[in-house]
Amino acid sequence: MAEAKTEARDGFKSRWGFILACIGSAVGMGNIWRFPILVSAYGGLTFLLPYFVFVVLIGATGVMEEFALGRAAGAGPVGAFGMCMEMKGKKKLGETLGYLPIIGSLGLSIGYTVVFAWICKYTVMAITGSMYAMGTDMATIGGTFGATAPEAYADFTITGAATVWIVVAVIIAFIIMAAGIANGIEAANKVMMPILFGLFVILGIYIATLPGASNGYKYILSFNGSIDGKTLIYAFGQAFFSLSVAGNGSVIYGSYLSKDEDIPVSARNVALFDTIAALLAAFVIIPAMAAAGAELSTGGPGLMFVYLVNVINGMPGGRIIGVIFFVAVMFAGLSSIINLYEAPVALLQEKFGMKRKPAVAAMLAFGAIVAICIQPITSPWMDVVSIYICPLGALLAAIMFFWVAGKDFAEKQVSMGAKKPIGAWFYPLGKYVYCACALIALIAGAALGGIG
């Protein structure tokens, strides 16, 4: 069957622009407040070794599959799933199923909008010095975060939260997204991602000079001699979530690729640099907590906005460190939400013929309204979306690509633009191993209450 035409669509201008945008979508809160706590909770290398294996597996299958699926369709998940099912004479069913990843992307983007609003507030506080002025008094630090996000810090019940900052967050996202793919998303990530990596390297070097930081490095590099099933599940879930494989963001970014783009090379680079970002976060946060004599016993928002603020404020040069850290986190959060909003925005353009700026404005306005309303339930909202809807969307995308479209289609689309055809290992690894792991992770993640 004929593939969708993509000549009229905006797209990425360069390979590295695309790679940096994809890295930006992947480098989010999962890398910063989830990855370090998992490394700590499950024992350094005991967690990292299976994590690395799963990153290689997902990068070599799921990431390539979603890029290729989007490029082949020249559309997001609705058009891509419809294209695959059209081969079986059931295009409408495919399009209907394609709305599930869109719902997941929109749901996650709304939750991230709330979190990004918190980040914007704390970045401004760091720059103005008001964060450092709180000192190391946990009641003051916790109370400040409680006033910002009462649902995330249970000891405080102040309401009012971050409504103004949510508006600020969507305005920032609109400025970038309204400019388009090449001039907006690609251009922004070309600036933000190198700065983010550079800032984390600076932080890592500084932390290494602090007394007691070596205990953090020793822990990261420790191995307890055995890897149990629960560690494997959490390692796969973190790799899965961290690489932004959910049947939406990678599919829509793939749809903006030219036919001569080398997808296997791009996928390897995305997996590599996302892993480097996660490791940088771990090598900053865990040694910093060790240097402060604090036990890394909590993940999620409390780690970043309460416990790390306490640690940073107690460091020599803490005010400067706070600015560097939260500027880096702001770039990570911003790059994530513009990717998550992109699939719903593209749907408005593809299905309803809306122009770029009105589509962005409409989707971000809707996202802001819902984000303001869900502030008291942000954590459970994010849990439902990330545990159930996003993994299911990723599994559906894999089924469409490997099982419905079939071997010839899959190998042709991944090999298109590559220096050499994809190896014979790709299709069976994706069809059987990756799909089976994704299904197991979905079921186990729901049973464990979340895996990434």
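This is a predicted model: local features need pLDDT of at least 70, side-chain atom pairs count only at pLDDT 80 or more; totals for chains, interfaces and linings use all residues.
**Entry 1: salt bridge count**

I began by searching the whole structure for salt bridges, and the search returned 4 of them. I then looked up three of these pairs by residue, including R15 with E261, E95 with K351, and R356 with E342.

**Entry 2: R15 and E261**

For R15 and E261 I read a separation of 2.7 Å between the closest N and O atoms of the salt bridge. I placed R15 in helix α1, which covers residues 15-26, and E261 in the loop between α11 (249-254) and α12 (263-291), so this pair ties together parts of the chain that are 246 residues apart in sequence.

**Entry 3: E95 and K351**

Next I turned to E95 and K351, whose closest N and O atoms are 3.3 Å apart in their salt bridge. This pair also links distant parts of the chain, with E95 in helix α5 (residues 91-128) and K351 in helix α14 (residues 318-352), 256 residues apart. On the accessibility side, I noted E95 as buried at 10% relative accessibility, and K351 as partly exposed with a relative accessible area of 36%.

**Entry 4: R356 and E342**

Which helices hold the two partners R356 and E342? I found that their side chains meet in a salt bridge at 2.8 Å, N to O, and that R356 lies in helix α15 (residues 356-373) while E342 lies in helix α14, so the pair ties together parts that are 14 residues apart in sequence. I recorded R356 as buried, with a relative accessible area of 14%, and E342 as buried too, at 0% relative accessibility.

**Entry 5: a nonpolar surface patch**

Lastly I looked at the surface, where L49, F223, I227 and L232 form a nonpolar patch with about 320 Å² of accessible area together. I followed one of its members, I227, and located this residue in the loop between α9 (213-220) and α10 (229-242). Is I227 buried, partly exposed or exposed? With 35% relative accessibility, I227 counts as partly exposed, because that class lies between the cut-offs of under 20% for buried and over 50% for exposed.

Methods:
Residues are numbered from 1 along each chain as its sequence is written. Side-chain values use heavy atoms; hydrogens and water are left out. Patches are made of residues with over 30% relative accessible area and no salt bridge: like charges are joined within 9 Å, nonpolar side chains (Val, Leu, Ile, Met, Phe, Trp, Tyr) within 5 Å. Accessible areas come from the Shrake-Rupley method with a 1.4 Å probe; for residues, only the protein chains shown count as cover. Helices (H or I, at least four residues) and strands (E, at least two) are DSSP runs, numbered from the N terminus. Buried means under 20% relative accessible area, exposed over 50%, partly exposed in between (1.4 Å probe, protein chains only).
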